[in-house]
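I opened this notebook to record what I looked up in the structure. The entries follow in the order in which I took them.

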Amino acid sequence: MALKIGITGGIGSGKSVICQVFKLLGAPVFEADVWAKKLMNSHPEIKTGLIDWYGSDIYSPNGTIDRKKLAGIIFTDSTAMQKVNGLIHPVVRQEFIIWADKQNSSYVVHEAAILFESGFYKMMDHTILVTAPEKMRIDRVTKRDGSTMEAVKERMGKQWGDEQKRELASLEIKNDNKTLLIPQIIEIDKKLKEYGKIW
């Protein structure tokens with residue numbers, strides 16, 4: 001059975017880029033946020049729950065979730081965010097378990113923005129925290145999404161800080177444009193393939 005490696009990091013830390021490198025090295029990557037978006041459009045229980053709470057117009061006429069409307073609800077109301085996460089996360093976890101069992105590799109990567117906050121890290125064999133300086137993270141997100149600095153800071157404030165995440169992480173990858181990124185990832189990949197450990 002493949003080792004389960006959880007990768008997380010705050011918004012703009014660059015965890016998606018790092019996961020792309022792991023893919024190039026042959027590691028299957030499960031992107032929890034992508035799966036969550038897909039399941040919101042396809043899973044009957046999730047769709048029913050969201051419609052019951054927020055009305056049928058939470059979905060567009062073609063049956064896809066109105067992500068802008070949902071984001072407007074959950075990013076301004078922490079209770080709503082907890083409710084939505086409580087509906088979606090158990091289904092995503094189940095999908096991950098099914099997916100991981102089908103992979104033929106020494107390890108698989110589970111990428112999730114709130115790996116620690118959701119408690120899903122407990123199902124991982126190792127966890128990796130991706131970090132970057134706050135200013136760099138804000139710059140990345142404003143350029144990527146066209147968001148304002150204030151909106152990015154608000155989203156960052158809803159996630160755990162790096163110090164809190166470090167207490168639970170097995171390892172840290174620094175994505176700060178100073179420390180060489182690729183060698184860090186190659187070293188982890190090599191250890192996982194050879195020893196099944198990252199320290």
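Predicted model: local features only at pLDDT ≥ 70, side-chain atom pairs only at ≥ 80, totals over all residues.

Entry 1. How far does the backbone oxygen of Leu-180 lie from a polar atom of the side chain of Gln-184? I found 3.0 Å between the backbone oxygen of Leu-180 and a polar atom of the Gln-184 side chain. I then placed Gln-184 in helix 9, which covers residues 181–194.

Entry 2. I turned to the domains. The protein chain is divided into domain 1, with residues 1–28 + 106–198, and domain 2, with residues 32–102. To their contact, domain 1 gives 18 residues and domain 2 gives twelve residues. Taken over C-alpha atoms, the centres of domain 1 and domain 2 are separated by 22 Å.

Entry 3. How much area do domain 1 and domain 2 bury between them? I recorded about 1200 Å², with 71% of it on carbon and sulfur atoms. On the side of domain 1, the residues that lose the most area to domain 2 are His-110, Phe-120 and Lys-158, together 30% of what that side buries.

Entry 4. I looked for polar links across the interface. The rule finds zero salt bridges between domain 1 and domain 2, whereas the count of residue pairs in polar contact is two. I then asked which elements give two or more residues to the side of domain 1 that touches domain 2. They are strand 3 (107–111) and helix 7 (149–157). Strand 3 supplies the largest share of that side, four residues. By class, I found ten nonpolar, three polar and five charged residues on the side of domain 1 that touches domain 2.

Entry 5. My last item was Phe-30, which is found in strand 2, residues 29–31. Phe-30 has 0% relative accessibility and therefore counts as buried. Leaving aside neighbours within four places in sequence, I listed the contacts of Phe-30 as Trp-35, Val-92, Glu-95, Phe-96, Trp-99, Val-109, His-110 and Glu-111. His-110, in this list, is also one of the residues of domain 1 that lose the most area to domain 2. I also checked Phe-30 against Ala-80: the two are 50 residues apart in sequence and 25 Å apart in space, C-alpha to C-alpha.

Definitions and conventions
Residues numbered from 1 in each chain as written. Heavy atoms only, no water. Domains from an automatic or database assignment. Contact = heavy atoms within 4.5 Å. Buried area = accessible area lost by both parts, 1.4 Å probe. Salt bridge = Lys/Arg side-chain N within 4 Å of Asp/Glu carboxyl O. Polar contact = N/O pair within 3.5 Å; in protein donor to acceptor, adjacent residues only side chain to side chain. Nonpolar A, V, L, I, M, F, W, Y, C, P; charged D, E, K, R; others polar. Buried < 20%, exposed > 50% of the residue type's maximum accessible area, 1.4 Å probe, protein only.
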